[in-house]
Amino acid sequence: MKMIADLHLHTVASNHAFNTVTEMARRAQELGFFAAAVTDHAPRLPDSPHPWYFSSLKRLPDRIEGIWLLKGVEANVLSLQGELDFTPADFERMQLDWVIASIHSDAFCRSLTEDDATRLWLNIAENSYVDCIGHSESRAFCYDYDTVTKVFAQKHKIVEMNGNSAVARPGNEENLRALALACKRNGTSIAVNSDAHSIYRLGCFDSVLPMLEEIDFPMELIVNASKENLIAALREHQKPVAYRMEERIVK
């Protein structure tokens with residue numbers, strides 16, 4: 001099982017990360033990736049860049065260092081109602097290629113009941129600007145995986161299998177497996193990401209891929225398992241970059 005993209009990366013714009021956009025793109029190219037997404041932290045976290053950074057991302061070219069560079073953000077969930085630290089008007093202005101919604105305790109709270117976490121993610125599912133659900137397997141925010149992944153599938157939300165969770169959030173491996181099984185059962189798409197904060201962790205999926213192989217997770221449900229899957233997912237989310245990718249491939 002081999003991925004063709006890493007869709008959750010942080011650059012020095014998130015100032016606890018260590019490499020530039022160009023350095024991350026170059027490393028992705030060295031690893032043979034087709035695409036990568038830069039997803040620095042949105043404003044509620046203290047290490048985040050100025051909001052202008054996200055509006056300016058569209059000035060970067062589609063391709064950097066030989067790969068497709070998706071311009072994105074890791075937005076913070078701020079409430080049980082699914083409020084994020086960017087508004088719909090912000091998302092319209094920024095025109096991002098890839099939006100991850102994640103819970104960070106520094107931006108929201110330390111833990112939730114299962115009922116509250118379930119309600120939160122069901123509300124996030126209604127947000128048309130959110131493409132991907134970030135590292136949601138934490139036992140501090142455990143939710144009803146079966147109920148929510150059914151809705152995620154209906155609303156075309158992609159659930160992240162985070163390769164950094166074993167390091168940053170150890171002890172949640174069984175939750176990640178249960179989440180993956182719920183996604184498989186309910187036909188919910190996933191993305192296998194590294195959540196890398198340096199070139200040395202980019203593409204590190206070793207804590208996730210063996211588990212997905214063990215449960216025989218369908219390749220057609222992994223958006224970054226093939227160019228075709230990724231382009232189809234971006235098209236489904238009405239991202240103009242998908243059409244530019246297709247045009248380039250045809251040429």
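I began with Phe33 and Phe205 and found both buried (under 20% relative accessible area, with exposed over 50% and partly exposed in between, for a 1.4 Å probe and protein chains only). I was working on a predicted model, where local features need pLDDT of at least 70, side-chain atom pairs count only at pLDDT 80 or more, and totals for chains, interfaces and linings use all residues. Residues are numbered from 1 along each chain as its sequence is written, and side-chain values use heavy atoms, leaving out hydrogens and water.

Next I looked up aromatic pairs and got eight. Rings of Phe, Tyr and Trp (its six-membered ring) pair if their centres lie within 6.5 Å; planes under 30 degrees apart are stacked, over 60 edge-to-face, the rest tilted. The Phe33 and Phe205 rings have centres 6.3 Å apart and planes at 35°, so I noted this pair as tilted.

I then turned to Trp121 and Tyr143, another tilted pair, with 6.1 Å between centres and 50° between planes. Both Trp121 and Tyr143 are buried. I also noted one aromatic cluster, formed by Tyr53, Phe54, Phe86, Phe91 and Tyr129.

Last came the nonpolar cores (sets of buried Ala, Val, Leu, Ile, Met, Phe, Trp, Tyr and Cys joined through side-chain atoms within 4.5 Å). The largest has 64 residues, and Trp121, Ile124, Met161, Ile190, Val192 and Leu212 touch the most other members. I found a second, separate core of 21 residues, including Ala37 and Ile158.

Which residues does Leu212 touch, not counting those up to four places away in sequence? I listed Met1, Met161, Ala180, Ile190, Val192, Phe217 and Ile222, with contact meaning heavy atoms within 4.5 Å.
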